[in-house]
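Please open the structure in a viewer and keep the selection tool at hand.

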Amino acid sequence: MFNTIAHTLSDQTLSLDSSIQLTIKRLDQIHPQISGNKFFKLKYNFLAAKQHAKNTLITFGGAYSNHIAATAYAAHRFGFQSVGIIRGEELAKKPLNPTLATAQQFGMQLNFISREQYRLKNQREYLAELETHYPNSYIIPEGGTNQLAIQGCSEILTPYDRENYDVICCAVGTGGTITGLIEASTAHQHILGFSALKGTFLNDVVAQLTSKKNWKILDNYCFGGYAKTTPELFEFIESFEKKYQIPLEQVYTGKMLFGIFDLISKGYFSENTRILAIHSGGLQGKAAL
Ligand SMILES: *Cc1c(COP(=O)(O)O)cnc(C)c1O
């Protein structure tokens with residue numbers, strides 16, 4: 001399904017005043033609606049839903065979730081019904097933001113639930129209840145992270161990438177994407193994650209998902225927490241976009257690239273390190289934020 005709609009990708013090497021080589025892998029260009037890492041996270045889940053003859057996809061997310069937007073479009077495109085369970089019951093009374101409006105336009109039924117109820121999102125009983133309510137449904141967890149998502153994300157790196165880069169950088173939300181990259185990496189590569197969330201807990205999450213050790217997730221470029229921003233971050237994004245003609249957003253890729261540039265300037269990477277930074281997309285959310 002998904003491979004037939006993928007656009008050809010181009011990698012862009014930036015000119016830097018440094019011996020470090022920084023190349024951006026433009027996953028944001030893979031598809032206008034199923035953008036970036038979400039393409040890889042969803043592909044095998046949709047295949048599994050089809051193989052099991054499910055007709056409805058159910059998934060979870062916040063009001064600005066790129067995963068919700070991508071799932072709604074993919075469901076529409078490949079002939080499934082979709083249900084989005086959205087965190088925050090107060091949103092039901094407000095006009096929909098662009099992310100949710102787009103999801104609804106693609107036919108997603110939006111169910112707004114309280115934060116307390118949302119916390120049950122991985123509990124067996126709650127999921128069984130959902131399956132009773134929506135017969136013949138396939139449930140994808142929040143952010144789309146499960147084993148099939150990791151399998152999909154392990155296809156992000158090409159054989160060329162495995163040979164020709166020393167460090168792979170990516171933004172981290174739920175940890176599925178970085179786990180796929182870790183699984184696909186060679187022993188001489190290091191995978192460096194930039195957490196979009198505050199705290200080091202994502203290191204524990206990912207350690208549960210892989211037995212490899214050639215990786216680390218930093219949380220000191222999260223700018224105070226998920227979707228939090230500062231004028232300095234916006235200034236960085238603006239100057240980066242102007243200089244390199246590559247769009248960034250402020251939740252994931254802007255913070256990752258801010259972090260990479262900061263680490264380069266502090267001498268974190270050894271000379272001549274070849275870095276591949278994954279542009280994981282998310283630009284639909286830029287307009288919405
Ligand atoms: C969802 C998302 C991420 C986080 O991916 P995880 O697999 O949840 O860690 C990173 N970047 C962008 C642009 C995203 O939309």
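UniProt positions are given in the numbering used here, feature names are shortened, and annotations may be inferred rather than shown by experiment. The model is predicted: local features need pLDDT of at least 70, side-chain atom pairs count only at pLDDT 80 or more, and totals for chains, interfaces and linings use all residues. Residues are numbered from 1 along each chain as its sequence is written, and side-chain values use heavy atoms, with hydrogens and water left out.

**First stop: S65**

Select S65, which UniProt lists under "active site" in an unreviewed entry. S65 is found in the loop between strand 3 (56-61) and helix 2; helices (H or I, at least four residues) and strands (E, at least two) are DSSP runs, numbered from the N terminus. Is S65 buried or exposed? Its relative accessibility is 11%, so S65 counts as buried (buried is under 20% relative accessible area, exposed over 50%, partly exposed in between, with a 1.4 Å probe and protein chains only). Not counting residues up to four places away in sequence, S65 touches T99 and Q284; contact means heavy atoms within 4.5 Å.

**Second stop: K38**

Next, select K38, in helix 1 (residues 37-51). The unreviewed UniProt entry annotates K38 as "modified residue: N6-(pyridoxal phosphate)lysine". K38 counts as buried because its relative accessibility is 10%. Apart from neighbours within four places in sequence, K38 is in contact with N66, H67 and A70.

Now display helix 1 together with helix 2 (residues 66-77): their axes come within 10 Å and cross at roughly 45 degrees. Axes are lines fitted to C-alpha atoms, for helices over the stretch in contact, and angles run from 0 to 180 degrees between N-to-C directions. Helix 1 and helix 2 are therefore oblique to each other (under 35 degrees counts as roughly parallel, over 145 as roughly antiparallel, 65 to 115 as roughly perpendicular and the rest as oblique). K38, L42 and F46 of helix 1 make the contact with N66, H67, A70, T71, A74 and A75 of helix 2.

**Last stop: helix 10 and helix 11**

Finally, select helix 10 (residues 231-244) and helix 11 (residues 253-265), whose axes come within 10 Å and cross at roughly 85 degrees. These two helices are therefore roughly perpendicular to each other. On helix 10, the contact involves E232, L233, F236, I237, F240 and Y244; on helix 11, it involves G254, K255, L257, F258 and F261.
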